[in-house]
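Hi there,

Here is the structure I promised to pass on to you. Have a look at it first, and then read my notes below.

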Amino acid sequence: MHKRWTMLVSGKVQGVYYRASTEDVARRLRLTGYARNLPDGRVEVVAEGAHEDLQALRDWCEEGPPAAAVDSINATEGPATGEFTNFGVR
């Protein structure tokens, strides 16, 4: 059963290729959704897929790309909506 995870990632996550790197990882995991910068400096990651693939993405998000410094991730889970056809950067 597919789920939807929304993760708000705090720390040094803008201007360090966090969104593009997240897109690469999510596509390898065959997840759908998006990553976007928020005005307050966080990155929002919305992903849909199988639980184990979502967990793999979250594990990656804890570290991020080399230049990132993740302080925390606030994650919520809900039912998948199926509204996405791929994973992209917004």
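Predicted model: local features only at pLDDT ≥ 70, side-chain atom pairs only at ≥ 80, totals over all residues.

**Aromatic pairs**

Searching the whole structure turns up two aromatic pairs. Rings of Phe, Tyr and Trp (its six-membered ring) count as a pair if their centres lie within 6.5 Å; planes under 30 degrees apart are called stacked, over 60 edge-to-face, and the rest tilted. Tyr18 and Trp60 make a tilted pair, with 5.7 Å from centre to centre and 50° between the planes. This pair ties together distant parts of the chain, since Tyr18 is in helix 1 (residues 18–28) and Trp60 is in helix 2 (residues 51–63), 42 residues apart. Tyr18 is buried, at 1% relative accessible area, while Trp60 is partly exposed, at 22%. (Buried means under 20% relative accessible area, exposed over 50%, and partly exposed in between, using a 1.4 Å probe and protein chains only.)

In the pair of Tyr34 and Phe84, the ring centres are 5.8 Å apart and the planes meet at 70°, so this pair is edge-to-face. Again distant parts are linked: Tyr34 is in strand 2, and Phe84 is in the loop between strand 4 (69–79) and strand 5 (87–89), 50 residues apart. Tyr34 is buried, at 8%, and so is Phe84, at 12%.

Residues are numbered from 1 along each chain as its sequence is written, and side-chain values use heavy atoms, with hydrogens and water left out.

**Sheet and helices**

Helices (H or I, at least four residues) and strands (E, at least two) are DSSP runs, numbered from the N terminus. Five strands form an open sheet in the order 4-1-3-2-5, with mixed pairing; two strands pair if DSSP finds at least two bridges between them. Strand 4 and strand 5 are the edge strands, each pairing on one side only. Strand 2 and strand 3 pair in the antiparallel sense over six bridges, and Asn37 stands opposite Val43 in strand 3.

Helix 1 packs on the sheet, touching strand 1, strand 2, strand 3, strand 4 and strand 5. Contact here means heavy atoms within 4.5 Å. The buried residues of helix 1 are Tyr18, Ser21, Thr22, Glu23, Val25 and Ala26. One of them, Ser21, touches Trp60 and Pro65, not counting residues up to four places away in sequence.

**The core**

Which residues have the most contacts inside the largest nonpolar core? They are Val9, Tyr18, Leu31, Val45 and Leu57, in a core of 21 residues. Such a core is a set of buried Ala, Val, Leu, Ile, Met, Phe, Trp, Tyr and Cys residues joined through side-chain atoms within 4.5 Å. Strand 1 (2–12), helix 1, strand 3, helix 2 and strand 4 each give at least two residues to this core. Leaving aside neighbours within four places in sequence, Leu57 is in contact with residues including Met7, Val25, Leu31 and Val45.

Cheers

Notes:
Axes fitted to C-alpha atoms, helices over the stretch in contact; angles between N-to-C directions.
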